Amino acid sequence: MSSKEHRQRFFIQTLIGLLLNATGIGIIYYACFTRNEGDWKFWALITAIFSSIGLLLIINGVVHKVKSDFIRKQKGRFENKSEEGIA
């Protein structure tokens with residue numbers, strides 16, 4: 001994968017992860033302010049799923065960002081070495 005593809009994945013996965021985390025927090029607020037005594041296990045499960053997937057996507061996006069930076073840095077070093085060899 002190229003550096004550009006990793007940057008695109010970083011942006012998309014981080015954005016989706018943040019949206020899922022915000023949805024999980026919104027579900028917590030909804031469950032707290034609607035007094036359904038028997039449904040708390042259901043809402044806890046939904047919140048855990050949304051928050052966990054959101055955090056996973058954010059972490060995966062950060063990994064793609066780091067890969068993108070490493071690829072870009074490696075290309076710079078390779079170009080630097082080839083220019084020094086010519087001179």
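Is Arg72 buried, partly exposed or exposed? Hold that thought for a moment. First, a caution: this is a predicted model.

Now the answer. Arg72 has 44% relative accessibility, so it counts as partly exposed. Partly exposed runs between the 20% limit for buried and the 50% limit for exposed.

What does the Arg72 side chain meet? It meets the side chain of Asp69 in a salt bridge, 3.6 Å from N to O. Both residues sit in helix 2. They are 3 residues apart, about one turn of the helix. Salt bridges with shared partners link Lys65, Asp69 and Arg72 into one network.

In total, the structure holds 2 salt bridges.

Helix 2 covers residues 40-86, and Phe50 lies in it. Which residues does Phe50 touch, leaving aside those up to four places away in sequence? The list is Leu20, Asn21, Thr23, Gly24 and Ile27. Look at Leu20 in particular. Phe50 and Leu20 are 30 residues apart in sequence. In space, their C-alpha atoms are 5.6 Å apart. Phe50 has 27% relative accessibility, so it counts as partly exposed.

Next, helix 1. It spans residues 3-33, and Phe11 lies in it. Phe11 is at 56% relative accessibility, so it counts as exposed. The cut-off for exposed is over 50%.

Phe11 also belongs to a surface patch. Which residues make that nonpolar patch? They are Phe11, Ile12, Leu15, Ile16 and Leu19. The patch area is about 500 Å².

Phe11 is in helix 1 and counts as exposed. Phe50 is in helix 2 and counts as partly exposed.

And back to where we started. Arg72 is partly exposed, and its salt-bridge partner is Asp69.

Definitions and conventions:
Residues numbered from 1 in each chain as written. Predicted model: local features only at pLDDT ≥ 70, side-chain atom pairs only at ≥ 80, totals over all residues. Heavy atoms only, no water. Patch = residues over 30% accessible without salt bridge, like charges linked within 9 Å, V, L, I, M, F, W, Y side chains within 5 Å. Areas by Shrake-Rupley, 256 points an atom, 1.4 Å probe, with all protein chains shown as cover. Salt bridge = Lys/Arg side-chain N within 4 Å of Asp/Glu carboxyl O. Helix = DSSP H or I, 4+ residues; strand = E, 2+ residues; numbered from the N terminus. Buried < 20%, exposed > 50% of the residue type's maximum accessible area, 1.4 Å probe, protein only. Contact = heavy atoms within 4.5 Å.
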